[in-house]
Amino acid sequence: MSPLSSITSYPRFLAFSAGRRRESTSASRRLPRLQWDRCLGLARSVRFGFLGSTAKESAVVRFIPRAGLSAGAEDLLHDAGATVAILVGGYALVFGFNDLTRREVLQQNLSRKLVHMLSGLLFLASWPIFSNSTGARYFAAFVPLVNGLRLLVNGLSLTSDEGLIKSVTREGQPQELLKGPLYYVLMLMLCSLTFWRDSPVGVICLAMMCGGDGVADIIGRRFGRVKIPYNKKKSFAGSISMFVFGSLISIGMLYYYSVLGYMELNWGRTVQSVALVSLVATMVESLPISDIIDDNISVPIVTMAAASLTLYS
């Protein structure tokens, strides 16, 4: 028996293979499409203040009848629209936090970590608006690819975007863009292409990297007076918050995807597995190795390994 068949036939845990998804009800299969149609309808009535214009349906969507498109062409149009919407939303998010920082509503460090958390989690939550085609994950991965190219050209000082530099770096140096922020978007791409939305491994990985690690830094800076004995740069408050919030965000995202019909989970076993994975990721994040390997590499890689072992064992 192949490893894949043994996973999908395991009676106590998961049923998130493509085969099981095709067996779901027609209503469940149509749900992401219906949500995207509602999003398009909402987008037509939203006025983006920073653009100074009202969003409208593209001429392609307006003048080509849906019934006249082949399934493949319709999926391409659908995924291209989703990609553009997420890119615009990402730019709006960064623009908003930059404005709050400029007006001194938020401190720069807090703004940076909120961008770190929300950009990744919102990207993860946006996967269901893509189509069910095999190429949908590549359209999704295009979003962090674009952001990665921005980081490269600014990090190499080929151009200068002060807002970007202030929003994602600690010291305000362009060279910082080529480290943690670049590793971050590479992990977003990796999870999109490798795991996608029908695997809990990628969901837990991004939840821990974006949510758990992000909350740990915020709580640790504010309440982290008691340091971990083997790493004075980390605190017990930060590590505890990473474990708690990483677990909660992971379970919340898994529930979100299970409700949409992308995976079916044995929740008793799932909660235990998530807690164990969060504990392992928290322990790795607390180690004094950040000068050797960035947290945006160590945390997601260890999370992937631990999740794969616990979920598939």
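Which residues touch the most other members of the largest nonpolar core? In this predicted model, Trp-127 and Phe-130 do so, within a core of 50 residues. A nonpolar core is a set of buried Ala, Val, Leu, Ile, Met, Phe, Trp, Tyr and Cys residues joined through side-chain atoms within 4.5 Å; buried means under 20% relative accessible area, exposed over 50%, and partly exposed in between (1.4 Å probe, protein chains only). Helix α10 gives the most to this core, with nine residues. A second, separate core has five residues, including Val-94 and Phe-97.

Local features need pLDDT of at least 70, side-chain atom pairs count only at pLDDT 80 or more, and totals for chains, interfaces and linings use all residues. Residues are numbered from 1 along each chain as its sequence is written, and side-chain values use heavy atoms, without hydrogens and water.

Trp-127 is in contact (heavy atoms within 4.5 Å) with Ala-140, Trp-196, Leu-206 and Tyr-257, among others, leaving aside neighbours within four places in sequence.

An unreviewed UniProt entry annotates residues 80-101, 113-130, 201-224 and 236-257 as "transmembrane region". Such annotations may be inferred rather than shown by experiment. Residues 80-101 are 100% helix, with end C-alpha atoms 32 Å apart. Residues 201-224 are 96% helix, and their end C-alpha atoms lie 30 Å apart. Helices (H or I, at least four residues) and strands (E, at least two) are DSSP runs, numbered from the N terminus.

Arg-225 lies in the loop between α10 (200-223) and β3 (227-228). Arg-225 counts as exposed because its relative accessibility is 71%. Its C-alpha atom is 8.4 Å from that of Phe-236, eleven residues apart along the chain.
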